[in-house]
Amino acid sequence: MTGKHLSIIIPVYNEVEVLPELLARLERIAASLSSEFQLTVDFIFVDDGSTDDSFAVLSAHDFGPRSVRLLQFSRNFGKEAALSAGIDAAQSADAAVLMDADLQHPPEMITEFVRIWLNDGADSVYAYKASRRNSEGYLKAAASRLFFWVINRNIRYQIPPGAGDFRLINHRFMKALRSLPESDRFMKGLYGWVGFRQTGLPLEPPMREHGQSSFSAFRLFSMTMDAITSFTTTPLRLMAMAGIFIAMFSAAYGLFVVIETLFFTGVSNGIASVLTLIAFFGGMQMIFLGLLGEYIGKSVQEAKKRPSYILAEDITRKGEEVADR
C-alpha cells in the first residue's frame, strides 16, 4: 500500500472493561482513514503495568490485516512514560495520534486531525476542552486556570489551557520529543516547548461509561507539582516577592511597636498577636522550604539519568493492510 503511515498510540492502565468497545471503534476509524486518505494505519498499545487482564485481552485480540505493537511495562511507570514509549515505538511513522483508552477521547475525532495535518500542513493538531466548568465543576476549573496562569508566566512559549494528550503529531514533532533528555516528563509542557505549527480543536469530552479514573486528588496534586517544578521558576519568584513583602510588613510592624511603646505607654502589647505572627511566618517558611525541596528533588532525580520505563513484553504483529479504494 502506498501513502503515508499513521500510528495510533494508546496507553492502557486497568481498562479491561472498555477495551472491547475501544477496539471496535478503533478498527472502524482505521478502515475509514485508510479508505479516505490512503493511509497505512497501525496501532501501538502501551500497557502501563495493569493489574487486571488488559494486556491479556489485547494479546488475544485478532487485529486482522492491521499491524499492531503491544508493549507492556515491568510495573506502573505512569502515563507520561507510556506516551514516551509509544512515541519511541513509532519512529517509522509519518505521524502518530496519542489518545486515552477510556473513550473520553473519541476515536472519530482522529479524522479531523488527519485532515488538518494533510491539508494544512500542521505539525500538531490537538483537542482542548471547550468548557472545563461543565465537565469538572467550578473549583477544579478554577484550580486549572490558576495552574495554567502560573506555568505560563515568563516563558517564551505557551501551554494552551485545556489542551491534553489527545493530539496528532507529525514525524519531526516526534523526533523533537525523542531528543529531549529528561526522564521525568510532563508531556503537555513538552508539546508546547518544542514549538512548530500547532492547531487546536474544541472538544466536549463524553462522560466516562466504564470504570473510574485512576487520578485521585492527591495524584493530581502531585502531577501539578511535578509540572510546575519542571517548566517554570514562577513559584521561586513569587517566594522572593513574598519575602520582600513580609520583610517590609515586619519592618513596619516593628516601627509601629516602637512608636506605640514610646508614645502610648498605656497600651499593652498582647502576646496573642505576637504568637499569631510567629505561626504565620513559620508556616510561610515551611511552604517555601517545601517548594525549594521540590526543585532540588527534581534535580536529583534527573541527575540519576534513569530510563523513563522498562519493558517486560514487546510483541509485534505484522498485518497485510489493504486500502478500500
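# Exercises on helix packing and burial

**Exercise 1.** State which residues in α1 meet which residues in α4, and describe the geometry of the two axes.

*Solution.* 
- Step 1. From α1, the residues I29, L33, E36 and F37 meet α4 at I110, T111, V114, R115 and L118, a contact being heavy atoms within 4.5 Å.
- Step 2. This α1–α4 contact comprises six nonpolar, one polar and two charged residues. Here Ala, Val, Leu, Ile, Met, Phe, Trp, Tyr, Cys and Pro count as nonpolar, Asp, Glu, Lys and Arg as charged, and the others, Gly among them, as polar.
- Step 3. Helices α1 (residues 19-37) and α4 (residues 110-120) have axes that come within 10 Å and cross at roughly 30°. Axes are lines fitted to C-alpha atoms, for helices over the stretch in contact, with angles from 0 to 180 degrees between N-to-C directions.

The model is predicted: local features need pLDDT of at least 70 and side-chain atom pairs pLDDT 80 or more, while totals for chains, interfaces and linings use all residues. Residues are numbered from 1 along each chain as its sequence is written, and side-chain values use heavy atoms, without hydrogens and water.

**Exercise 2.** Characterise the protein chain as a whole: how many helices and strands are there, and what percentage of the residues is buried?

*Solution.* 
- Step 1. The protein chain has 11 helices and eight strands, taken as DSSP runs (helices H or I, at least four residues; strands E, at least two) numbered from the N terminus.
- Step 2. The chain contains 325 residues, of which 43% count as buried, that is, under 20% relative accessible area (1.4 Å probe, protein chains only).
- Step 3. Among contacts in the protein chain with a separation of 6 or more, 82% come from residues 24 or more positions apart.

**Exercise 3.** Determine which residues in α4 are buried and which elements they pack against.

*Solution.* 
- Step 1. The buried residues in α4 are I110, T111, F113, V114, I116 and W117.
- Step 2. They pack against helix α1 and against the elements β1 (5-12), β4 (95-98), β5, β6 and β7 (198-203).
- Step 3. Just after α4 comes G121, with a positive phi of about 75°.

**Exercise 4.** Explain why α8 is described as largely enclosed, and give its arrangement relative to α7.

*Solution.* 
- Step 1. Helix α8 (residues 187-194) is largely enclosed by the rest of the structure because six of its eight residues are buried.
- Step 2. Those buried residues are M187, G189, L190, Y191, G192 and V194.
- Step 3. The axes of α7 (residues 171-178) and α8 come within 10 Å, crossing at roughly 115°.
- Step 4. F173, A176 and L177 of α7 make the contact with M187, L190, Y191 and V194 of α8. By class, the contact has seven nonpolar, no polar and no charged residues.
- Step 5. Just after α8, G195 has a positive phi of about 80°.

Conventions: Buried < 20%, exposed > 50% of the residue type's maximum accessible area, 1.4 Å probe, protein only.
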